[in-house]
Amino acid sequence: MPATVSHQVERSSAVTEMPDELRADVRLLGELLGQVIAEHGGDDLLADVERLRKAVIGARRGQVSVDEITAMVAEWPVDRAVQIARAFTCYFHLANLAEEHFRIRTLRVRDTGEEPLPESLAQAVQELGGEKVAGLVEELRLHPVLTAHPTEARRRAVVTAIQRISGQLALYNSPERGAAERAETRRRLLEEIDLLWRTAQLRSTKLDPRDEVRTAMAAFDETLFRVVPQVYRALDAALGGGGGTEKPRARAFIRYGSWIGGDRDGNPNVTAKVTRDAVLIQAEHVLIALETAAGRIGRSLTLAAGYAPASPELRAALSAAVNDHPDLVSEMATRSPQEPHRQWLMFVAARIAATRQRGLDLAYRSPEELLGDLRIAQDSLVAAGARRQAYGELQHLIWQVETFGFHLAELEVRQHSQVHATALEEIAAGRVSERTEEVLATIRTIAWIQERFGVAACSRYVVSFTRSADDIAAVHALAAHALGERAPRLDVVPLFESGADLAAAPTVLSGMLEIPEVQARLAGDRRLEVMLGYSDSAKELGPAAATLKLYEAQEALAAWSAEHDVPLTLFHGRGGALGRGGGPANRAVLAQAPGSVGGRFKVTEQGEVIFARYGHDAIARRHMEQVTSAVLLASTPSIEARTAEAAGRFRAVAEQVASASEKAYRLLTEAPGFPEWFSLVSPLEEIGSLRLGSRPARRGLGAPRSLDDLRAIPWVFAWAQTRVNLPGWYGLGSGLEAVISEAGLDELRAAYREWPLFASLLDNVEMSLAKTDRDIAARYLALGARDDFVAQVLAEYDLTRRLVLEITGHTRLLEDRKVLSRAVQLRDPYVDALSHLQLRALSTLRADEGLSEEERERLSTLLLLSVNGVAAGLQNTG
C-alpha cells in the first residue's frame, strides 16, 4: 500500500468518538466565533472559513486531496487569507479551551474517593506503604525552574482573553445556573470571544526581559500560590494526616527557581540591572500574596479569648508589639476586642506590608522571622484546643512561606564558559571590555540580592558548555575579583550539553573537588548540583542517541556520587518539545537511571509548557502530584533494582540502536547544503520576526551555515511548523532496523515492556509521529528543491512509523492513549488549515518572483499569523 494511502487509512481508523460534553462545548464556542466572524467580515468570510474547515476534515477522511485545498487557498486575496488565518487561530484557541475543560471535568468525575487516582500521591502511598513514603519525605524535593525560552507564541493579551472565556464557559456549564443566568453568561461569552477576535495575535514590539518576568508571574498569581499547599495537603492526607487536626506529616518539599531575568547566555538584553529588577518584581508579587493571605486568615480568626485563650507566648508577643507599635496594635485591639489571635495575624499582615514597602521599623528581616510569628499563633491555637484553626488555613500560609519565602523563586544566573575565560584573560591583561564589566556587575548584583533577600534568593550560577573544572573555578575567580572577601556564596553548577561533555562529566566533578571554594561549600553541605542539557545533545546526536547518551551520563554520575560520598542533584534541562527532551514529566522521572533521583527532581519548565501545566488549578495540582508520585516511586530500592536489571539486559540493544540512529541522523544533518535547505523549507528565517522573547533566535547573522549556528529552540520550532517534527523521531527507525536485522523484533518488544527508558523513548516518538502530517510535510520539503533530502526524510519517517507500531503492537499511533489521541485529533484539522495558509505564503515568498515590498509585507503577515496559530495548537513546539 502506498505510504500516503496507508497514512490516510490509519488517520481515518484513528477517529475516537468525541464525548458529548466536549462536543457541546466545541459546538457552542464554534457557533459564537462564527457569529463574531460574520458580524466582523460578513457571511462570505464565514463561508470561506467553513469551506476550508470542511476541506481539511475531508482530507483527513481521504475525501479531499491536498491539491484541491492548495488551489482553494491560492484563490483568495492575501488580505482574505489573513482574515481566515486569524479565524482558524481563534478557532484553535477555543477548541483547546474546550478540551482543557473536558480534562478538568474528567479528573473530577474520576476522583470518587473510593480508589486513589492513578499516578496520584495517594496511589504512591498505597503502592509503597505509608511508612516507606514517610521515610522518603525528609529528602523529597521537587524543583521546577521557570525559563524564558521563547516557545510561547501567544501574546499575554491573548492568553488573558482566553482565560476570561474559560471562566465564562465554566459558569455557563454550571448546573446550578438558571435560564436567565445562562443567557447572560452566553452574552458574556460572545462579548469575550468578540474581544479575542479583535485582539492582535502578533506582538508589535520585542519583549523586554522584565516583560518575561511579569508574564511568568501570572502563573504564580493565578495558580501556583494556591495550589502548592493543596499538594502538601494531599500528601499529608495520604500519609494518614488527621484531617487538619494534628501537626502535618508532609513538609514543604516544592521549591521554585527561575532563569527569567538571570539567563544571559546568548542574550545581551539580560543585564545586571535586569537581574536586580527581576528579583524585585518577584518579591513584590509574593509579598502581596502573603500579605493578602495573612489578612484574610486574620479576619477569619474571630475566636473569643473566653473560648480560645492566647498562650503566654502569644500574650508576650502582643505586649511587645504594643510597646513597639502602640498606635497600630491599639487600633487592631479596638477593632477586634478579646480576639487575640485575630489581632496577632492582622499585625503579621501589617508587618508583611511594611516588608514590601521597606518600612524598616515594622518590616520582617527574613522569612524565618515571619515563620516564627506564624508558629506562635499556631502553637497558641493548639494549646487553646482550636486545632482545626491551627492546622487549617494557617498551615497553608506556613507552607507558602516555606515554599516561596520573600523571593518567590530562586533566581539562577547562567552564562557561557567562554565568556568567563575571556573575562579572566582581559583582567590579567589590564584591559576590561564592556562584557567583562557586565560579568563583574552581575556578581555584585548577586551579592546585593543575598544581602537583601538571603542566600536562598540567588546563589546558583550555571556555566553552560562546561568542559573542565577550570570553567567552574573561573566563576569563583571572577567573584573574588569583583568583591574580594565580600564575594557572595555561589553554588556553581556545571552544564553538560554535547555528547563529549556528557561523557566527561564525572571527570569534571572530580576536578571540582580540588577547587578551594567547592571544598569550603562541601564542608557545610555535601550536596552538589549538575545540569544535563537535553536540547543541544538532541540537536547534535538525534533523539534516540541523545536519550541513551543522557541515560549513560546519569548512570556514571550516580556511580561517581556513591564513590565520592557526595550526593548529587541532577538538574534536567528539558524543553517542551519532544525534540528537546519533552514529553510527560512523570514518565521521564521513572525512566531515569537507578540512583540518579534519590528523592529529588529538578527540571526546567518553559514557554507554552508553563501555561499548559500551571494555567488552571486542577491541572496544575494533577501535574505536581504526578511528578511527585513518580519521584517517590523512582527513589525506592525495589524499583531502582528492577530498572537496573532491565538496563543491564538491554544494554547491547540500546547501544546498537543509538549507534545506527546517530549515523542516520548525521548522514542527513551533516550533508552539504542541509542547513541552507532547512532554511528554505521552513519558516526559520521568519520566526525571529515573531518577537517571541528577548533572546536572539540565532548565533550570528545570516542564514545558518551549520547546525551549530542554530539554537535548539528555533531548530525544533521551525521543524514543528513544517509538520515534519524531525527532531522528535529522525534516526530511530534506522536504529531499530539495525537491531531487527540481527536479533529480530522480540528483543525490542521485550525492551519496550520491561525498560522504562526504552518505553518512554518509543512513546515520545509515537507522539511526535502522531503530530506529523506526511502529506503536508512533503509540500514543505519540496520547497528546497532537493529531492534527495526529501526522499531521505520521508523514507525514514515511513520506516520509523512502521517499526514503532510493530514493536508497540499498536495498529495505529497513540492507540493506547485515548485522551492524547483525542486531543491531537481535535486540534489537527485546525492545524492543517493554518499549515495550508502558511504554505501559500512561504512558497510565494521563497519563489520571490518580483514581489513588491507591500506584497512581501502582506505575505509575511499571513505567514507569521499562521506560525503563531500552529505554535499555539501544537503546544510543545520548542
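This is a predicted model: local features need pLDDT of at least 70, side-chain atom pairs count only at pLDDT 80 or more; totals for chains, interfaces and linings use all residues.
1. Secondary structure and overall form. The protein chain holds 40 helices and 9 strands. Along the principal axes, the C-alpha atoms fill a box of roughly 85 × 75 × 60 Å.

2. Burial and surface. Of the 878 residues in the protein chain, 60% are buried. The accessible surface comes to about 33,700 Å². Carbon and sulfur atoms supply 50% of that surface.

3. Charge. The protein chain carries 102 positive side chains and 118 negative ones. The centres of the two sets lie 3 Å apart.

4. Helix α9. This helix covers residues 179-198, which is 20 residues. From first C-alpha to last, α9 reaches 29 Å. That is close to the 28 Å expected at 1.5 Å a residue. The buried residues in α9 are T185, L189, L190, E192, I193, D194, L196 and W197. Two acidic residues, E192 and D194, are therefore on the buried list, given the cut-off of under 20% relative accessible area. An α-helix has 3.6 residues a turn, so residues three or four places apart point the same way. What do the buried residues of α9 pack against? Their partners are four helices: α2 (20-41), α3 (43-60), α5 (78-110) and α8 (156-172).

5. A317. This residue sits in helix α12, residues 312-324. Is A317 buried or exposed? Its relative accessibility is 15%, and the cut-off for buried is under 20%, so A317 counts as buried. Leaving out residues up to four places away in sequence, A317 touches W344 and I376. A317 and W344 are 27 residues apart in sequence. Their C-alpha atoms are 8.4 Å apart in space.

6. G728. Here the setting is a loop, the one between α33 (712-721) and α34 (732-743). G728 has 7% relative accessibility, so this glycine too counts as buried. How far apart in space are G728 and P543? The C-alpha to C-alpha distance is 6.0 Å, across 185 residues of sequence.

How values were computed: Residues are numbered from 1 along each chain as its sequence is written. Side-chain values use heavy atoms; hydrogens and water are left out. Buried means under 20% relative accessible area, exposed over 50%, partly exposed in between (1.4 Å probe, protein chains only). Accessible areas come from the Shrake-Rupley method with a 1.4 Å probe; for residues, only the protein chains shown count as cover. Lys and Arg count as positive and Asp and Glu as negative; His and the chain ends are not counted. The place of a charge is taken as NZ of Lys, CZ of Arg, CG of Asp or CD of Glu. The expected span of a helix is 1.5 Å times one less than its number of residues. Contact means heavy atoms within 4.5 Å.
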